[in-house]
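Here is a friendly tour of one model, from its sheet to its helices. Please keep the view open as you read.

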Amino acid sequence: MMELIRESSFSFFEKKTAKIVQEFCSCYLKEISLDQKKGKELICKWLALVEQQLKQPYTFALYHQAIRTPFDYYQFGLDFIAPLVDFKNSHLMGKKQLKSIEAQLQKKENVVLLANHQTEPDPQIISLFLEKKHPVLAQKMIFIAGHRVITDPLAIPMSLGRNLICIYSKKHLSFSVEQKAAKIAHNQRALKQLQLLLSEGSCCIYVAPSGGRDRADPLGKPILSSFDPDSVELFRLIAKQCQRLTHFYPLALKTFDLMPPPAKVEKEIGEERLVSYAPVSLFFGSEIDFNQIPHVEKEKHLSRLQRAKYIGDLVEEYYKKLSLL
């Protein structure tokens with residue numbers, strides 16, 4: 001497969017990164033549903049975009065809006081990931097909820113999707129399923145992302161095509177004591193930006209309250225990460241403070257097989273990327289009514305735990321249904 005791409009295509013990478021990229025390219029060309037010529041064109045374009053980032057890194061704003069011109073990064077992301085999706089055996093569940101979400105957004109209300117997260121290209125996968133019947137939602141959705149997607153040159157070409165607000169998760173705040181204060185300050189500015197967007201209305205926000213991707217158990221089975229109570233509470237409170245009505249929905253993603261994450265959370269940039277041609281499935285669950293979630297009114301900490309577990313259990317319930325399809 002790799003004879004399709006010149007060795008010089010990898011010359012601008014450091015030795016470790018070059019090996020990761022070569023393995024990814026070989027795996028991608030082997031797995032995609034396209035003919036090799038078209039696959040080579042996509043890989044070569046991606047390599048050129050990565051090289052561009054290495055030479056002149058893009059500086060992301062607190063709220064990054066998808067770049068569509070002069071190069072359409074959004075469409076490139078869809079074109080790059082689509083050949084890995086086995087659409088025939090994939091599923092989109094919760095179509096009734098999608099109609100409700102669109103109606104709410106049209107009324108200048110907001111929607112927050114509390115979801116699990118399994119693969120790096122989850123945003124592209126979501127859009128691939130929504131583009132045909134819900135193109136505005138597919139293109140306007142805002143993703144709460146971690147810092148890695150805006151600092152890893154291999155991920156940036158995909159990130160440039162998405163609407164992003166990047167927030168450091170708890171696990172990454174603790175990696176560097178020296179940088180912790182700066183990261184906390186960044187998070188505070190990012191959350192203020194989020195509050196401004198919600199106050200304007202018509203925002204659909206995707207957030208993974210677990211703070212990262214689901215990992216596999218020793219047998220290779222994906223295990224959904226628990227939702228962080230503080231993360232769920234933070235978004236609930238921000239929504240209450242904004243000037244627009246905000247609705248919450250659970251979203252289950254079954255995308256693990258397409259690009260499984262590393263077994264452990266990587267501290268450094270530059271993780272291995274292996275892909276498979278695989279079915280993927282999404283389940284948009286029924287709207288969450290926080291008033292109906294059992295909680296102890298005067299026990300704030302316990303109430304947070306109960307809310308996070310309740311919503312996490314909902315997502316897991318939908319995920320199990322996807323697993324039976």
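Four bridges link strand 3 (residues 110–115) with strand 6 (residues 204–207), and the two run parallel. Within strand 6, Tyr-206 is the bridge partner of Leu-113. This is a predicted model, where local features need pLDDT of at least 70, side-chain atom pairs count only at pLDDT 80 or more, and totals for chains, interfaces and linings use all residues. Residues are numbered from 1 along each chain as its sequence is written, and side-chain values use heavy atoms, leaving out hydrogens and water.

Both strands belong to an open sheet of eight strands with mixed pairing, in the order 1-5-4-6-3-9-10-2. At its edges are strand 1 (63–64) and strand 2 (91–93), each pairing on one side only. Strands pair if DSSP finds at least two bridges between them; helices (H or I, at least four residues) and strands (E, at least two) are DSSP runs, numbered from the N terminus.

| Helix | Residues in the contact |
|---|---|
| Helix 3 | Tyr-74, Gly-77, Leu-78, Ile-81 |
| Helix 5 | Gln-124, Ile-125, Ser-127, Leu-128 |

Note on methods:
Contact means heavy atoms within 4.5 Å.
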